[in-house]
Amino acid sequence: MRPPKIVGTITSFTQSRHDLCPGETSNPPTAQQFDFGGCECVSQPRHPATMQPDHQQEQQQQPGVFRFSRDYRLAAPPAVTKPNHSFTAEVQTHNWSQFVGDSGRVNSVSVGAVNNRVLKTGAHRSAVNGGGPGPLSATPLPLPVPTTPMGSTTKLISDNRSAKVPWCQCLPSLATVMVILSVTASLGNLVRLPTVVFHNGGGTFLVVYTILAIVIGIPLVFLEVVLGQFCQEGTTKLWRAVPLLKGVGLVKVLTSFLVAVYYPVIMAMSLFFAIWTGKGPVPFTECDYLPPRGSPPQMDGEICLQETFLKPPDQDPVWFGVDIALLFMLWALIVLCVFRGSRSYKVCAFFTFIPTVAGVIALLSQELTISSQGINELLLFDWKYLFTFDTWYYALIQLFFSTHIGFGNITTCAGRLYSKSNAFWTAVLYMLCNLAVGISFVCVIYLWIGRLETHGIKLIWPQIPELFVITLLYDVTIHLFGETAQIWAVISFLVLIFAGLNSMVVVVFTVVESIMIETKERWRSWMITAGVCAVGFLAGIICLLPVRMELVHMLDHYVIGHMVAASTALELIGFAWIYGSFALYSDFEFVLGQKLNPIWSAVWFLTPIVLVIFEIWSLVTLPLSGSHEHHDAQWLYIMGWIFYASSWCIVLVVALWQIFNQVDYNIGQKLLSTLKPSRNWGPVDPIYRHGWVVWRGQSAIGGERDFTLKRRGTRDYTHSVKRAHSNPKGGSRYHPPSSNGSSPGALHTSRASKGDPPFVVQLPPNDLDEHVCWRKDTRHVNGKT
């Protein structure tokens, strides 16, 4: 494909660098041809004394012929030496024509008589057209030329965009908000958090949990959101920055899958209670009996489950068939929410998050109108729990379950679903909503507990802790709800089911996206989704086989919490320590478009130390066979610790594989190579990546930050062109609006049909020497090749 020829008249030009071509002089002579490294131009004859255009000779002179094959950073500020070529031109009233050799079509242009026009080439064509020639434009240049501290003229694309945008327009779309907030109403936040609060000190534990959520949770969410927006390829490709620790990304995906194995089992219990409560009567006829004399005290809901849903298949295969049917229904619903990727995820977020939050608000309002005794008990503060290690450790583990930090879910969603949202405010909004939803449902649970105690019913620690909230809700339905028992019970159980869907959609989406990225999209999304859900469905059936859901307890207590804490510590060590605080700091500033407070780097540097101390201390002080009050079967905790050790084996094996795959002379050099970013580390989008390369180069040379290099990708450009086609008078990011529907001095290219609106391409000019897609064309206008 040959570069386009721009035919026009140049009446003056300014040369900002004098070593462009061998033999050039500082003052351009008259009627001489200049070669700007691939751009050949013919200046018009000028009067020798004034160096002004000689209009008498101008009429006889052929117009200048331009051939562009390199980038030109235009309108350099006076007395500034630029690393590339710069020129300004005054455009007279002329008809311009663009000749594209491969199309055989002439696109006519009309440019008005304006002073100080800038011809912009290079990166616009290479970035938009994958290295080939593309549309050029002439656009007005204000006087004086505004530049950034780095000398960039990127802001000259459209000065009307420099005005402040109203804060309401900075908010992401409603679908994006739903996707961000849907994870806050998760099953870990509504089922696991009240259980841990009830068992570890009540209000004191909630204070410790809130402190950790603010001090550690917000920085970790902020880190994962920015890394996801920067890398754009999920949690596995994130480790191109530190190839030695690529196994950490695989462990995160495995952890998400293990959560997806046992969460549907808990959801199936809620679905069982919702269906049986809806059809009535309450209490269930299947559970209307007295426990045998001498049996340990249990809650009514727990006894009911053990006699129905949790009966071993050899004792009652009918109930086991009901279990499988309910599991299948839930997994089928999950497939529908994920099989189309981000599109189905966004739709599902509307129908799961809103009912969950509405149900929590309705339950809290209904209970507060009756009694507030449970809230008074929750507000009791016990200093003994505050200075106990168990409280802080379980609060830290619960933080991971409630917020999905360390599972790779936030990183994957940030790169795929909300890659353009403000990372800092996304993290703050996410954490505040997470605390609000979790604490609200904890208040609902304590209000129920307070009302049960007023009726003389004393709660005991359940034999199946993972089902504490579900069995408590059945007891509340029997003793408290009265005439409206069925309605409120169905609402409560549906809230738990929707919370489970919020969790399951994000973890399955993470697993599916990771498999698609690692297999280079060899299979379609729906095929991978169906395969993952089928394996999860079969694994969930296995979890139902042991009595009292022992496999679920093993995954929840021994495996997942430890795996998430260890992988998060390794992630922080890899990025804050190995990749380097300075490089991480620079990348974050590029994504955010503003300076980053150094306190974030300090938090990310110190947090892995805290996590490692907590993890080692838990192995030393906490019982390896369960908790202080309850010890599990030997086979159970041994299998749990083997699963946890296997995660470290994955990290070690992948690290050895990465070392031996390096092309170096010895083991030491191979090890050092795995501690450095790989060549393909960085943003995937070519335009986004090019801006990042320019950013890194400027930062390394001068140590400054050019915040005009916005993170704009190919999708931004294509959406801008579509908007310009549909509404050319409105303008867009790349199409500055005008009163008459066109930008004065811009190059408007006509379409094939007369009815199509014109389009304008204006992108920030950048140095093409570092562009990975640019193919330089060395042909000149004099016929030499």
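Predicted model: local features only at pLDDT ≥ 70, side-chain atom pairs only at ≥ 80, totals over all residues.
Residues are numbered from 1 along each chain as its sequence is written. Local features need pLDDT of at least 70, side-chain atom pairs count only at pLDDT 80 or more, totals for chains, interfaces and linings use all residues, and side-chain values use heavy atoms, with hydrogens and water left out.

Helices here are DSSP runs (H or I, at least four residues), numbered from the N terminus. Axes are lines fitted to C-alpha atoms over the stretch in contact, and angles run from 0 to 180 degrees between N-to-C directions.

| Helix pair | Angle | Axis distance |
|---|---|---|
| α6 (residues 246–279) and α8 (residues 317–338) | about 110° | 9 Å |
| α4 (187–199) and α14 (residues 423–454) | about 60° | 9 Å |

So α6 is roughly perpendicular to α8 (65 to 115 degrees counts as such; under 35 is roughly parallel, over 145 roughly antiparallel, and the rest oblique). Contact means heavy atoms within 4.5 Å; among the residues of α6 that meet α8 are F272 and W276, and α8 brings residues including W319 and W331. By class, this contact has 16 nonpolar, no polar and no charged residues (Ala, Val, Leu, Ile, Met, Phe, Trp, Tyr, Cys and Pro count as nonpolar, Asp, Glu, Lys and Arg as charged, and the others, Gly among them, as polar).

Turning to the second pair, its angle makes α4 oblique to α14. Their contact has 11 nonpolar, three polar and no charged residues, with N189 of α4 and N434 of α14 among the residues that meet.

Note on methods
Helix = DSSP H or I, 4+ residues; strand = E, 2+ residues; numbered from the N terminus.
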